[in-house]
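Hi there,

Here is the structure I promised to pass on, with the sequence alongside. My notes on what turned up follow below.

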Amino acid sequence: MTPPLAAPVPTLLPELLPYHRMARVSARHRWWRPVLGTGFVAVACVLVAGLLYALGSALGAARGYPEAADGTVEFGPVPGTALDLLAIASAIPVVLLAVRWIGRRPAGTVSSVTGGLRWPWLGRCVLVALPVLAVTTGAMLLLPTDDAAPSRWAGWEVFGPALAMLVVLVPLQAAAEEYVFRGWLTQAVGAFLRSPWWALVPQAVLFAAAHGWGTPWGFADLALYGVVAGLLTVRTGGLEAAIGLHAVNNLLAFGVSAAVVDGLKSDDTAADAPWQLVALDLVGIALYTAAVLWLARRHPPTRTIAAPAPVPSPVPVPPPWPFPGPHPQTLAAQVPFSWSPVPDPVPDPDPVPDPVAAPVPDPVPVPLPLPLPVPAPYADRTEAHGLPPKLHDPERD
């Protein structure tokens, strides 16, 4: 009877990691790496920004720039804004270094699950954000303001250089904030918790607090933006959607400020926005989110990546031959030998002859050949053949 076949053993598929769990993509992941990396990012960002401000102040003092009321160098609206944007943008290399050095994984894994920025997808997100935010920004300009003095056009000689500087530095500043909050902080919390919401809410609150404590409406707007940007990051598998929204929004806001006289000198941030501006901003965020999610269904980006396979335990390898120590035969001789007699097989009482096997006959003796005649001496042979005998030559002897 044929035994039943065993059921096939199912193959274990690797775990699929979403964006907020990318800290575990490294086989060298340990629980303390996200904690240590968070402290490194916080301290290094402050130190690098302080170093840039110190270098800028030293360079401004050497060039004779006036001193401001707070003791810093007064560079003017355009150079001063450029220095502020550069100080924030310096967080990008800090985060990348923390991911590579402390996280022990490729630096691009903080950009997306594919290991780098997906530029075509980023371009699509920017194209979606431009018309949506342009409409909401134009509607904000039409709202009545409480300012007594109307805004005045700054002129192309001021607006042109300011716009060129903003186009270069604002995307870097916006991307740096995304790398810190939606990037590093989201993945640091996601290394411990599977649910993305535990990773999205803390970074959103910290993002709003980093802009200062303004109006409750402004703080709520920033916190809600942080949650939506984090949700888009997890749903699309990378920072591209959040960077596109943030960069276009900041570029339009800074551009409007640069277009009016002393607009870049204002210290107001998004945290100081009234409820009217917050309402319009939330409309723009909602329209952008809906458009990106629809675009992600039409052109789905990569959202997950396979977790690394567990490293098997090393197999012990025997030492090379010859190895130090006693010879293997010596070791075998030292092992006590045990022997148990094997009983003889029981003879068959009624053996059946094998029809195939035949008796082998005894070998037949082969007679040896007769002995050959021994040849006679040379003299006898010559006489036998009728030849004269050899005469004895005494001289030759």
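First, a term that the notes rely on throughout: helices (H or I, at least four residues) and strands (E, at least two) are DSSP runs, numbered from the N terminus. Please keep in mind that this is a predicted model, in which local features need pLDDT of at least 70 and side-chain atom pairs count only at pLDDT 80 or more, while totals for chains, interfaces and linings use all residues. Residues are numbered from 1 along each chain as its sequence is written, and side-chain values use heavy atoms, with hydrogens and water left out.

**The overall layout**

The chain has 11 helices and 2 strands. Starting at the N terminus, the order of elements is β-α-α-α-α-α-α-α-α-α-β-α-α. Of the 397 residues, 34% count as buried. Here buried means under 20% relative accessible area, exposed means over 50%, and partly exposed is in between (1.4 Å probe, protein chains only).

**Salt bridges**

A salt bridge here is a side-chain nitrogen of Lys or Arg within 4 Å of a carboxyl oxygen of Asp or Glu.

Let me begin with Glu240 and Arg118, whose side chains meet at 2.8 Å, N to O. Glu240 lies in helix α8 (residues 240-259) and Arg118 in the loop between α3 (91-102) and α4 (119-141), so this pair ties together parts that are 122 residues apart in sequence. Glu240 counts as buried because its relative accessibility is 0%, and Arg118 counts as buried at 12%.

Arg182 and Glu178 form another salt bridge, with the closest N and O atoms 2.8 Å apart. Both residues sit in helix α5, 4 residues apart, which is about one turn of the helix. Arg182 and Glu178 are both buried.

What about Asp262 and Lys265: how far apart are their closest N and O atoms? The distance in this salt bridge is 3.7 Å. Asp262 counts as partly exposed at 48% relative accessibility, and Lys265 counts as partly exposed at 46%.

**Two residues with positive phi**

Asp262 comes up again for its backbone: its phi is near 55°, a positive value in a residue other than glycine. Asp262 is in the loop between α8 and α9 (275-298). Arg104 has a positive phi too, about 55°, although it is not a glycine. Arg104 belongs to the loop between α3 and α4 and is partly exposed, with a relative accessible area of 32%.

**A cavity and a pocket**

Both terms come from a 1 Å grid over the protein atoms alone: a cavity is a set of points where a 1.4 Å probe fits but cannot get out, and a pocket is an open set with protein on both sides within 12 Å along at least five of seven lines; lining residues have an atom within 4 Å of a point. Grid points are joined across faces, edges and corners, and a volume is the space filled by probe spheres set on the points.

The search finds 1 cavity of 30 Å³ or more, and the largest cavity holds about 70 Å³ of space. Its lining is made by Ala23, His29, Arg33, Pro34, Gly103, Arg105, Trp184, Gln187 and Ala188. Two or more of these lining residues come from each of α1 and α5, and α5 gives the largest share, 3 residues. By class, the cavity lining has 4 nonpolar, 3 polar and 2 charged residues. For these classes, Ala, Val, Leu, Ile, Met, Phe, Trp, Tyr, Cys and Pro count as nonpolar, Asp, Glu, Lys and Arg as charged, and the others, Gly among them, as polar.

The second largest pocket has a volume of about 220 Å³. It is lined by 14 residues, and the closest to its centre are Leu122, Pro171, Leu172, Ile243 and Ala247. Helices α4, α5 and α8 each supply at least two residues of this lining. Its make-up by class is 13 nonpolar, 1 polar and no charged residues.

I hope this helps you find your way around the model.

Best wishes
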